[in-house]
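Please keep the sequence and the coordinates at hand while reading.

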Amino acid sequence: MRSVEVSFHVKMRDYTTIGIGGAADRMAFPRSPAEVREVLTAERRAGRTVHFLGAGSNLLVSDGGVAGTVICTKKHLSKVVFLSDGSVVAEAGVMLPRLAVLCALSGLSGMEPLSGIPGTAGGALTMNAGAFGRRIGELTEWVEVADGAGEILRIEARAIRFGYREAEYPVRGVVVRAGFRFAGGTREAVFGQMRQLNEKRRAKQPWGEKTFGSTFRNPAGAEGAGALLERAGMKGRCEGDACFSEKHANFLVNRGRATAADVRRLMARGRDAVVVLTGVLLVPEVKMWGDFDV
Ligand SMILES: Cc1cc2nc3c(=O)[nH]c(=O)nc-3n(C[C@H](O)[C@H](O)[C@H](O)COP(=O)(O)OP(=O)(O)OC[C@H]3O[C@@H](n4cnc5c(N)ncnc54)[C@H](O)[C@@H]3O)c2cc1C
């Protein structure tokens, strides 16, 4: 792995949008799918666990940190190519807001509802991220995944089961690149739509705060996780500096020096309050790395 950039004892709080988390043993920053393959092969040979990181916008890392190697796609793996047939190929680490702006500049429509999600294409394809009725899976033609042995396989979208905030791939591994197809549009109309949807988002959700977005998945049924937490009196409730936002109860924010343990305690309080009041058991949407006591 001599050619790949690697850092050691990396503070995960600097790589997660909630700004929490102990150190990762090592973090690799591949510049190409070939370098991802190189990292996977080397780490497999060394018998080390590998974790995949995008923008860390849906992630809680424990205060004790994470063992093994984290592959960070956001730093260098972010090329986007516009093909003459109208399709777009994006590497896993490209941020959705950037992809949306590049599409708008090229007069392509489709990304507008996703333009306010602060994650990477790879993270979004893993979570099937969505907003305003659009999910990324609907725009996807194919995804390239590097498996544990480092082999890169192209999977057609129809072979991927895109569900609510989840995607099931026929192979396990790291998303390195994907092909998308968008509709035609005009720059003005696409930018106008993006502005309008992002204003809606700002009106409803905390903006510019340290958060990992939705804490719990919306359960089946009419009432969302935010409404249930609010009804259970959890809006604005805190453990240390970890608080359920006053603006949207399902958004958990770090008001300063919150720890992962604070977050977990608050999540447990929220879950228990909702189940006692309504019988609905909320399930976390946020992914968690490391060991937790609560
Ligand atoms: C303010 C805010 C608003 C948000 N709004 C929305 C919203 O409207 N809709 C929505 O769906 N989500 C939303 N989110 C959550 C989050 O942005 C999405 O889930 C996003 O898709 C996560 O992408 P990421 O790159 O940050 O992934 P990360 O948080 O880095 O990782 C999330 C999971 O994906 C895996 N992963 C990441 N990259 C790869 C890869 N290349 N290959 C394989 N696995 C990978 C990780 O291992 C982890 O399990 C919001 C978050 C914030 C902070």
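The model discussed here is predicted, and in it Phe132 has a phi near 50°, a positive value in a residue other than glycine. Phe132 lies in the loop between β9, residues 130-131, and β10, residues 134-135.

A positive phi is also found at Arg165, where the angle is near 55° and the residue is again other than glycine. Arg165 belongs to the loop between β13 and β14, the latter covering residues 166-168. Is Arg165 buried or exposed? With a relative accessible area of 19%, Arg165 is buried, a class that requires a value under 20%.

## A buried arginine without a salt bridge

Arg26 is part of strand β2, and although Arg26 is buried, the residue has no salt bridge. Which side chain of opposite charge is nearest to Arg26, and how far away is it? The nearest one is Glu43, at 4.5 Å, whereas a salt bridge needs a side-chain nitrogen of Lys or Arg within 4 Å of a carboxyl oxygen of Asp or Glu.

Once neighbours within four places in sequence are left aside, the contacts of Arg26 are with Val6, Ser7, Phe8, Glu43, Arg48, Gly68, Thr69 and Val70.

## Salt bridges

How many salt bridges does the model contain? The count comes to 19 salt bridges. One of the pairs consists of Arg31 and Glu5, whose closest N and O atoms are 3.6 Å apart. Because Arg31 sits in the loop between β2 and α1 (33-46) while Glu5 sits in strand β1, this pair ties together parts that are 26 residues apart in sequence. Both partners are partly exposed, Arg31 with a relative accessible area of 43% and Glu5 with one of 26%.

A salt bridge also joins the side chains of Glu91 and Lys79, with an N to O distance of 3.7 Å. This pair links distant parts of the chain, since Glu91 is in strand β7 (residues 87-91) and Lys79 is in the loop between β5 (66-72) and β6 (80-82), 12 residues apart. Glu91 counts as buried because its relative accessibility is 5%, whereas Lys79, with a relative accessible area of 47%, is partly exposed. Glu138 and Arg134 form a further salt bridge, with the closest N and O atoms 3.4 Å apart, and Arg134 counts as partly exposed at 27% relative accessibility.

## A positive surface patch

Which residues form a positive surface patch? The patch is formed by Lys11, Arg13, Lys210 and Arg257. Of these members, Arg13 lies in the loop between β1 (5-11) and β2 (23-29), and its relative accessibility of 44% places Arg13 among the partly exposed residues.

## Contacts between separate parts of the chain

Ser62 lies in the loop between β4 (59-61) and β5, and at 1% relative accessibility this residue counts as buried. Apart from neighbours within four places in sequence, Ser62 is in contact with Gly21, Gly22, Ala260, Trp289, Gly290, Asp291 and Phe292. Gln205, found in the loop between α4 (187-204) and β17 (210-214), is likewise buried, with a relative accessible area of 18%. The contacts of Gln205, leaving aside neighbours within four places in sequence, are Lys247, His248 and Phe251, while the C-alpha atoms of Gln205 and Ala249, which are 44 residues apart along the chain, are separated by 9.2 Å.

Phe162 lies in strand β13 (residues 161-163) and counts as partly exposed at 22% relative accessibility. Among the residues that Phe162 touches, not counting those up to four places away in sequence, are Leu125, Asn128, Gly137, Thr140 and Tyr169. For Phe162 and Gly137, 25 residues apart along the chain, the C-alpha atoms are separated by 6.0 Å.

Key: Residues numbered from 1 in each chain as written. Predicted model: local features only at pLDDT ≥ 70, side-chain atom pairs only at ≥ 80, totals over all residues. Heavy atoms only, no water. Patch = residues over 30% accessible without salt bridge, like charges linked within 9 Å, V, L, I, M, F, W, Y side chains within 5 Å. Areas by Shrake-Rupley, 256 points an atom, 1.4 Å probe, with all protein chains shown as cover. Lys, Arg positive; Asp, Glu negative; His and termini not counted. Charge placed at Lys NZ, Arg CZ, Asp CG, Glu CD. Helix = DSSP H or I, 4+ residues; strand = E, 2+ residues; numbered from the N terminus. Buried < 20%, exposed > 50% of the residue type's maximum accessible area, 1.4 Å probe, protein only. Contact = heavy atoms within 4.5 Å.
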